[in-house]
Amino acid sequence: MSSFTIDPSLAPAAPSIPTLEQVQTRPTCHIIVGMAGSGKTTYMAQLVRKLGSACYIINLDPAVTHLSYTPQIDIRDTVDYKKVMSEYNLGPNGAIVTSLNLFSTKFDEVLNILEKKVNGEIKHIIIDTPGQIESFTWSASGTIITSSLSTSFPTLMTYIIDTPKCSSPSTFMSNMLYACSMMYRSRLPMVVCFNKTDLVGSRVLIEWMDDYTKFMDAIDSEGGESYYNSLNRSLSMTLDRFYSTLKKCSVSGATGEGVEEYLERVEEGRVEFFEGFWKDMMTRRDEKIAKGEAVKKESMKRLEKDIEDDKKKISASKDDEAPQLPKLALGASGYSPIFSRPFTPSTIPYAVSKGITVIDTAPWYQTSETVVGEELGGLERGSYRIHTKTGRYPTGGKQNCTFDFSAKTTRTSVLSSIEKLKCGYIDLIQIHDPEFSRDLDQIINECVAELRRLRDEGLVKYIGITGYPLKIQKEIIERSPPNTFTYSMTYARLTIYDTSAAEFAVWCKERGIRSINAAPLGMGLMTPGDVPDWHPAGESLRKKCSDAREYVEGKGMSMARLSIGYAFSRSECESVVLGMTTNEEVDLAVEVRDKGLTKEEWEVVKEVRERFFGGEGGEEDWDGTKEVEKFWEGEK
């Protein structure tokens, strides 16, 4: 048996970061922030009017109902704020934060658009943010967006202040502290705009920033030696140096006065960005990369040792029959932004504690492998089994999805999965959705062959295959060398509405292949709420499932519970893979696994199958929707 080595050429490429020379030719990003009522959006309209075609506009406020300008990119086109509030049972502020979180998962697409669309005519990128200022400045999504922009474009923060509300030293100091906190958090140049100067002038406020003694005089004029006055004096002395780093100007969102002065401050901020902030950012980036490389090198040493130890164990039992799978396995596709629903990472070890010792994930599920690896890190490796996949990936292509079954990518994918999952080896590696390949010969000659080599090297224990069309699975199994596949996983095909996988499972068993039943809830067809837009099911099946759910709910029962119980009752498959992202979902599945359905529930299952899906043996699937053809059509 050969020793384990890693070819550096197979490592995933690092993301491309533009050079200083490239960034210096790009337009300036203005991230406009301001508290509710500060006149931020009104001022933005004046700024946009002044700049005309020289600016590109992005709106990041999902809750705004009216804009006096037309953004080129609008978060409201991607995220429905009211729907987020309703679906996740959130208040207004929570819905704004969640909407920004969902949008930030796709912000790399925004950067791609900016890099392609922004030409020599565009000099400024203007970004409007929510009036609930903390939802952007103190959220993870705000940090992601700010960091992403500042590594690709010269970027600065513009803080809009409501001048009439800063007339007292205390409110003025509150605004200055907030400006300081934002600058410290973002590490970007900042322009402070005193807005609404058509109502109240800002001369006094600027004097307070430029002359410490005048601010002291203002405090004294309020009278007394209160705790707050003493605190204001101390804070003013502390912030005196901070004021010198701020660019400041007076503007009016109502009249447009001061826009020219603001643009002058922006140019000063752009120079400061390259002279100080860019160098600091690159230094921090290099330190992070160096630290990451050291950690990676150490991790690879431990990984190689773990693999060598595990290979000895695997080699001794490789020819033995695969161990029995648990009746219930955890589907981990939901531990990522792919389905736009909240998840609780700690549910993963909780599920293991309930006897759900198989975790099914995939590179296609974006962050899922990383989350699983982090959550299982404290458990003994032998206490759980990892099932993951290869061949389908969430990057590239017009639809952010690529299929690659080459030998090189197959090996790279497996090594990457082992590293993310921190597992030493993979219990079951599955060829993922091979029906989307335009060359089944490549799957046989490269992907299958490479997986067999990885199995011989001890990096994987068993090989499987998963996909929707059963005929494709059959063809690949028949054309592959004997004893290649140990498992076949079908999804949404052994359910209340479709039992077509039952006969296929018998066919597999005759060839020594064991079957796994995934997605017994039909990827949302048998759960409450609307079926997701991306779901490949046709209108006929959607309507039948909706009517069936309504019928079951009318009897005071849960279609999800009935569907899980029905899946457990089918003996053709060894294990049921069910997506669970909360402890409550785990508890429900475990209860049905251990106790089964009641007599009354079984009677309703029988009624549903006969009334809506043609009785036992009825088949309702979406093969006729030409999912594969639609995908490749979308790539043209």
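Modeller: One aromatic cluster is formed by F172, W208, F215 and Y243. The model is a predicted one, in which local features need pLDDT of at least 70 and side-chain atom pairs count only at pLDDT 80 or more, while totals for chains, interfaces and linings use all residues. Residues are numbered from 1 along each chain as its sequence is written, and side-chain values use heavy atoms, with hydrogens and water left out.

The structure holds 20 aromatic pairs (rings of Phe, Tyr and Trp, the last by its six-membered ring, with centres within 6.5 Å; planes under 30 degrees apart are stacked, over 60 edge-to-face and the rest tilted). F172 and F215 form a tilted pair, at 5.8 Å centre to centre and 45 degrees between the planes. Because F172 belongs to helix α8 (residues 169-186) and F215 to helix α10 (residues 212-221), this pair ties together parts that are 43 residues apart in sequence (helices are DSSP runs of H or I of at least four residues, strands runs of E of at least two, numbered from the N terminus). F172 and F215 are both buried (under 20% relative accessible area, with a 1.4 Å probe and protein chains only).

Y468 and Y491 also form a tilted pair, since their ring centres are 5.4 Å apart and their planes stand at 55 degrees. Y468 lies in the loop between β14 (460-466) and α17 (470-479), and Y491 in strand β15 (residues 487-491), so the pair links parts 23 residues apart in sequence. Y468 is buried, with a relative accessible area of 1%, and Y491 counts as buried at 14%.

Note on methods. Buried < 20%, exposed > 50% of the residue type's maximum accessible area, 1.4 Å probe, protein only.
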